[in-house]
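Trainee: I would like to learn how to read a few features of a model. Please take them in turn.

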Amino acid sequence: MSFTKLQKYPFVCWLCLRPEAGQTMTPLDTAEDCFEGTTIRNYLAAMTCNVDENKRHLFPRSICAGCKKSLESFARFRTKVRTVYELLNGLVELRHANVEPIREFFGSNSAMLAELKVASDVEDLIAEFPQFQIASLPASMINSVYVEKIKTEQDGFEEVLFAVECLPQELAELKQEAWFEGLDYEPSLPDHDQAFEPEDLLGENESESEVDTKPVLKKRKYTRRDPNAEVKQKHVKLDEPLRCSKCSYKTHWAYRMQGHERTHEKRKNKKHHCKMPNCTEWFDTYSRLMIHVESKHRAHICELCGQQFSFRASLKDHMVRAHSDGEPKFSCEYCQASYKLKTDLHVHVRNIHRPLTTVHKCDICGAEFRFNHLLEAHKRWHGDSYDFPCTQCDKKFKNKHSLGKHTTKVHRERLFACDHCERMLGTKGSLLDHIEHVHEIQMRFVCEICVAVFESRDVLATHTARHQHPKQHECDQCLVVLPTEELFRDHVCITYRDDYVCCGRDLVSHQQYNKHQLVQHGTKVNARVKPVPGALLGRLRATRRRVETCPKCKAIFSTKKLRDEHKKVCMGGENDS
C-alpha cells in the first residue's frame, strides 16, 4: 500500500493532508475576523488541543484553499449557533424579568439580527414580550402549575369541563374522572390483584343472554382486489420478466415495474415550463425545453473568456474544464484520454468506445448517426439550400460546420507561429504539416495498425500496447469495444488497401473513403492505407497530387487550380459547401 499523502508530511495541508506542492496554501498564523479575530492555529487549538512549542515544527504549517473555505464556512456557522443561543438565553432571562442579557445581545449582534430577521429594536421586543407564548409558560418547573382545558364530546357538541389551575397529579385524576362522566355506568376500578370481568359492564336489569340477543348491524366495506396485489407487494424475483406496454423496459421484479408504470403516468400530459425570469413558454418534452433555454436564455457569462451559458452549472463545469490549473483525474480505461470532469469521461466512452445503441439512419443515403441532430445536419448536404452565409464575404454554405471551416481557414487571424522560421499558420494541423514538410522535423507518429496519429512516441507506444493486449470484447485492430460476443463477431473490422481512390477521385483519408462507400455505393467498409515506414506525414500530404473533381459535372482535374477555374464557369457562381 502506498501512503501518498503521508510521504510529504508535515509539508501537507493541516486538514486534508494533501502535499503543499502545486496548491495555494495559507499559513496557520494568518488571522481573520471569521476565526473570532484570532489566527487559524489558535482557532484549531481551541477546538482540539494546544501544541507544545517544542513540537510545533512536526505539525503541518498551512492549509489549502479548499480546506480554508470549508473552515471559514464552519466558523461562520459555529458563530451563528453561539449567537442564536445567546438570543434564546436572553428571552429566557426576560421571562424571569431580567432585561440585561437581551439588551446586551442587541447591542453587540446587529449583523446576526439582520440575518435572523427578528426584532431590530430591543425596547419594542420588551414591550411586546407579554404577548409571546413564552410569557404564558411557568418561569420554573419546580412546584409549577399548568392551565389546561379538557374537552369532551356530548350530544354532538363540545363542552368545556373545566379550566382551573391544578398540579400535574391532580390534572391526571381530573382527566380520568371527566372520561368516566361521559359514560352511562358508575366506574368501579378493580385492584391490580382482581380480575376484570365483562359482567361488570352490564346494567342492573340486563342479563348476558339479553345482551347477546340484541341485533348488531355492521356495515360492510367492499373493495376491489387486484389479482396481482400480492405479487406486487412482495419483493420476489419472477421467473418470466414483466414487460412495459408503453416502452421496451422489462424487469423480473414486480415492484420495479409498478414504479416504472407510475413514471409513465406522471410524464403523461406533463408540461415543462421555462423557469427563466419573465418567460412563460412551456414544452411537452424536456429536450425541447433545453433547446429553448440554450437558444433564448444565456444569462451566465464567463469572466475570463466571455463565453455565455444558460445554466450556472454549465458555467461551473466550463470553469473547471477550461480555466482550472488542476491535472485531469478521470482517465479512460480503454485509451490514454483523461478529463477533469467525470461527465466528459462518460461522453468520451459513449461516443468513442461504445457501439451505436440507438441509430438514426438517413432515409436518402442510408448513413447512420448516433444522435438525431447529427442526422439533421447531414440531411442538409442532400438539399439545395445555402442557409449559412459568411458575414465577412459573399459565400454561403449548407451547414454550420462548413461555415466554421471557411471562417477559420480564410478570415481568422493566423495565430500559430513556426518556431523555426517567421511563418504564421491558421491552424495547428497546418503548422505541423509545415514543420514536417519544410524543416523535415517529425512532429507526428502514425500507428501502423489503425493509422491513428499521435504527437509523441510515448503516447504511440501506449496506444500500441492496447493493440497487443486488448480487453474483453475489444478488437485488437480497430479497438472498438462491443458489449456482447455476438456483436463482437459481426462488427466491421479494418481492411487494408493501396490508396483511397474511388470513382476517379482521390478521397485523401480513410474517413472520407469509408463515407463515400456507404453513401454512394451502400457498402459499409472500414478501409485503411498503411503508412510508409519512416516517411513524414506532412511531406506526404504536401507532395501528394490529389485528383480534383468538379462537384457538379464530376470532371476530373490534376490540380486544384484547374478545378477552381472550371468551377467558375460550370457552377455559374454557386457556392460549394
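Trainee: Which residues make the nonpolar surface patch?

Mentor: Patches are made of residues with over 30% relative accessible area and no salt bridge; like charges are joined within 9 Å, and nonpolar side chains (Val, Leu, Ile, Met, Phe, Trp, Tyr) within 5 Å. A salt bridge is a side-chain nitrogen of Lys or Arg within 4 Å of a carboxyl oxygen of Asp or Glu. Areas come from the Shrake-Rupley method with a 1.4 Å probe, and for residues only the protein chains shown count as cover. Here Leu6, Tyr9, Leu58 and Phe59 make a nonpolar patch of about 370 Å².

This is a predicted model, in which local features need pLDDT of at least 70 and side-chain atom pairs count only at pLDDT 80 or more, while totals for chains, interfaces and linings use all residues. Residues are numbered from 1 along each chain as its sequence is written, and side-chain values use heavy atoms, with hydrogens and water left out.

Trainee: Is leucine 58 buried, partly exposed or exposed?

Mentor: Buried means under 20% relative accessible area, exposed over 50%, and partly exposed in between (1.4 Å probe, protein chains only). Leucine 58 has 48%, so this residue is partly exposed. Its place is in the loop between α1 (40–47) and β2 (62–64). Helices (H or I, at least four residues) and strands (E, at least two) are DSSP runs, numbered from the N terminus.

Trainee: What does serine 62 touch?

Mentor: Contact means heavy atoms within 4.5 Å. Serine 62 lies in strand β2 and counts as buried because its relative accessibility is 5%. Leaving aside residues up to four places away in sequence, its contacts include Val12, Cys13, Trp14 and Glu20.

Trainee: In which sense do β7 and β8 pair?

Mentor: Two strands pair if DSSP finds at least two bridges between them. Strand β7 (residues 237–243) and strand β8 (residues 250–253) are antiparallel, with 3 bridges. They form a hairpin with 6 residues between them, and lysine 237 stands opposite tryptophan 253 in β8.

Trainee: Which residues other than glycine have a positive phi?

Mentor: One of them is glutamate 440, with a phi of about 55°. Glutamate 440 lies in the loop between α15 (428–438) and β21 (445–446) and is exposed, at 52% relative accessible area. Leucine 479 also has a positive phi, near 65°. Leucine 479 lies in the loop between α16 (457–468) and α17 (485–490), and counts as buried because its relative accessibility is 7%.
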